[in-house]
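Please open the model in a viewer and keep the sequence panel beside it.

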Amino acid sequence: MSDSRVVLAPASAPAPEPSRSAKRWRPRLTAAVAVAALLVAASAAIAWPVSAAVSRDGVVIRQDARPWACASGAITTQPVDDSLDDGQQQFDSLVTVTSGLDCRLRIVVDNTGGRPVSIDRLTLPVFGPDGGVDIVATQLDGDFSTAFPVRMAGDNIDARFDIAGGLTIVPNTAAVLSVEVKYSKKGSGCSLSAGSSTSDFRPVVRVTSRGMTGDVVASHGWFGFAGAAGCP
């Protein structure tokens, strides 16, 4: 006779209940993970603008050996009271203001940082239609569109050129911004009498790096204007 008994498999043992210690630590671990995630996000939020600021700090506005290039207009130099950090005497390059003034002002923008930057705007103090000298900046030369005249802080004193699309400067390279400067009579008197001069105009460039924008001001001005005899 065959054996018809049914053999039952042993029941699986129930999963052990978490210990009281594990129950206590589980919410703490979850909170620790959440805090760590917040710290990572906060660090990234801080590092990004810091990195962008460092990139802007690598932008230097300077002159080259020939800041003025004039078809018409005498160029002279004059020593400046202070000296450069290396102890060498510093000179300003002055162009004499005459009725036929036709010059290009060359401004060198260096990117000494480690990331590409975009130059989005150039501002020249007192080079606007209502500046205090009988000159006006009329055009920013280059393969990009510009806008002039423009207003800054509600006036026409400064000349501002917006560079559509930006001018990208890769690390360890420089770009030259060439500005056309013309004579423009702005009043009945002399803006500069013979023998007088004015200088220390500090160009400003608006720089974008890593999606963040800020202005960089030249550490000093190295160009200016001299008065002519007879006051044109």
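**The disulfide**

Select Cys70 to begin: with 21% relative accessibility, this residue counts as partly exposed, a class lying between buried (under 20% relative accessible area) and exposed (over 50%), computed with a 1.4 Å probe on protein chains only. The model is a predicted one, in which local features need pLDDT of at least 70 and side-chain atom pairs count only at pLDDT 80 or more, whereas totals for chains, interfaces and linings use all residues. Residues are numbered from 1 along each chain as its sequence is written, and side-chain values use heavy atoms, with hydrogens and water left out.

A disulfide, defined as a pair of cysteine sulfur atoms within 2.5 Å, joins Cys70 to Cys103 with an S to S distance of 2.0 Å. Cys70 lies in strand β2 (residues 68-72) and Cys103 in strand β5 (residues 102-111), so the pair ties together parts that are 33 residues apart in sequence. Which hand does the disulfide of Cys70 and Cys103 have? The torsion about the S-S bond is about 105 degrees, so the disulfide is right-handed. The count for the model comes to 1 disulfide.

**The whole chain**

Now select the protein chain and colour it by secondary structure. The chain holds 1 helix and 13 strands; these are DSSP runs numbered from the N terminus, with helices (H or I) of at least four residues and strands (E) of at least two.

Switch to a surface display. The protein chain exposes about 13,300 Å², of which carbon and sulfur atoms supply 56%; the areas come from the Shrake-Rupley method with a 1.4 Å probe, and for residues only the protein chains shown count as cover. Of the 232 residues, 35% count as buried. A contact means heavy atoms within 4.5 Å. Among contacts between residues at least 6 apart in sequence, 73% join residues at least 24 apart.

**The nonpolar core**

Select Trp68, Leu122, Phe127, Val205 and Phe225, the residues with the most contacts inside the largest nonpolar core, which has 38 residues. Such a core is a set of buried Ala, Val, Leu, Ile, Met, Phe, Trp, Tyr and Cys residues joined through side-chain atoms within 4.5 Å. Elements giving two or more residues to this core include β1 (59-62), β8 (159-169), β9 (173-183) and β13 (223-226).

Centre the view on Val205. Leaving out residues up to four places away in sequence, Val205 touches several residues, among them Val59, Ile61, Val109, Ile119, Leu122 and Leu177. Arg121 and Asp215 are also among the residues that Val205 touches.

**Three loop residues**

Move to Pro116, in the loop between β5 and β6. Pro116 is partly exposed, with a relative accessible area of 48%. Its C-alpha atom is separated by 5.6 Å from that of Pro171, 55 residues apart along the chain. Beyond neighbours within four places in sequence, the contacts of Pro116 include Asn111, Thr168, Pro171 and Ser209.

Then select Val126, in the loop between β6 (117-124) and β7 (135-141). Its phi is near 70 degrees, a positive value in a residue other than glycine. Val126 is partly exposed, at 21% relative accessible area.

Finish at Arg210, in the loop between β11 (204-209) and β12 (212-217). Phi of Arg210 is near 55 degrees, again positive in a residue other than glycine, and Arg210 is partly exposed with a relative accessible area of 28%.
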